[in-house]
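Hello,

Here is the structure we talked about, for you to open and look around in. My notes follow below it.

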Amino acid sequence: MNKEKQLRLLPPIFLLLGLGAWELQNRLFANHVEDPVSGLLPPATVPEILLWVLTACVIVAAFLLPRKAKMGQGGKITGALSDVFFAAGVLTLLLEPLKGPAALVLIYKAFCIITAVCLVVTAVLRLLNKAPFFLLSVAPCVLCVLQLMEYYQSFSEVPQLMNYLFGLGAVLCLVLSAYHRMARAAGLPDKPWHYSVGLLAEYFCAAAVAQGVYVSFFCAAAVWMMAEMSRLRPAEE
């Protein structure tokens, strides 16, 4: 298999691995909860060990496999559909219960709407074979930072790491990936580890769905990142 085919397979493979992590979490919480009231888990169960091993392997693979890659153009239809799909996922955040000061909640809601509009405009420009203006990538980047702040408020009082770890990984990777996407749109050079973070965003977003919060957002973000990473091509080209 040549290098280009290998790189094309990476995004769907990382998404499938994320779904594997999702299934392991489902098995863990379905079969190994010690106390139904607290939801606490015993240490070192088989699904948990497999989950840690899988995650470690995914992280290593994410940093090793795209070392000699670059970001190509990608398909305009795939990119446009993923932007619209993520826009829909972003709008579902408005339906979630929000915490924090009223001013921050208002800013958060405003950026949900602004981000959705920017993504739809980007999709239209892609379909028209026009390069999206890089400022359209600013709103998704800011929203991901705000989402990190909002998510922190939801897990800061949760005592069990497994209840929020994958969601935290998803939001952190989305913040970095959205920033790299904005920098890429502005014409700044990429580095291989930028692609590693994008692949990890896929994995963690898919895995985070099992935690039951921001489900539609994480599903849409996983697809959005998969479409973005599908642009990977060999650096030798």
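Let me start with a question: is Y214 buried or exposed? Please keep in mind that this is a predicted model. Y214 counts as buried, because its relative accessibility is 6%. You will find Y214 in the loop between α7 and α8 (215–229). Its backbone is worth a look too: phi of Y214 is near 50°, a positive value in a residue other than glycine. Most residues other than glycine have a negative phi.

N129 also has a positive phi, near 60°, and is not a glycine. This residue sits in the loop that links α4 (102–127) to α5 (138–155). With a relative accessible area of 59%, N129 is exposed.

Next, the cysteines. The structure holds 0 disulfides. C112 is in none, and the nearest cysteine sulfur, belonging to C144, is 10 Å away. C112 is buried, with a relative accessible area of 0%. For C144, the closest cysteine sulfur is in C141, at 6.9 Å, which is too far for a bond because a disulfide needs the two sulfur atoms within 2.5 Å. C144 counts as buried as well, at 2% relative accessibility.

Finally, the surface. I59, F63, L176 and W193 make a nonpolar patch there of about 340 Å². Of these, W193 belongs to helix α7, which covers residues 192–208. W193 counts as partly exposed, at 38% relative accessibility.

Enjoy exploring, and write back with any questions.

Best wishes

Technical notes:
Residues numbered from 1 in each chain as written. Predicted model: local features only at pLDDT ≥ 70, side-chain atom pairs only at ≥ 80, totals over all residues. Heavy atoms only, no water. Patch = residues over 30% accessible without salt bridge, like charges linked within 9 Å, V, L, I, M, F, W, Y side chains within 5 Å. Areas by Shrake-Rupley, 256 points an atom, 1.4 Å probe, with all protein chains shown as cover. Salt bridge = Lys/Arg side-chain N within 4 Å of Asp/Glu carboxyl O. Helix = DSSP H or I, 4+ residues; strand = E, 2+ residues; numbered from the N terminus. Buried < 20%, exposed > 50% of the residue type's maximum accessible area, 1.4 Å probe, protein only.
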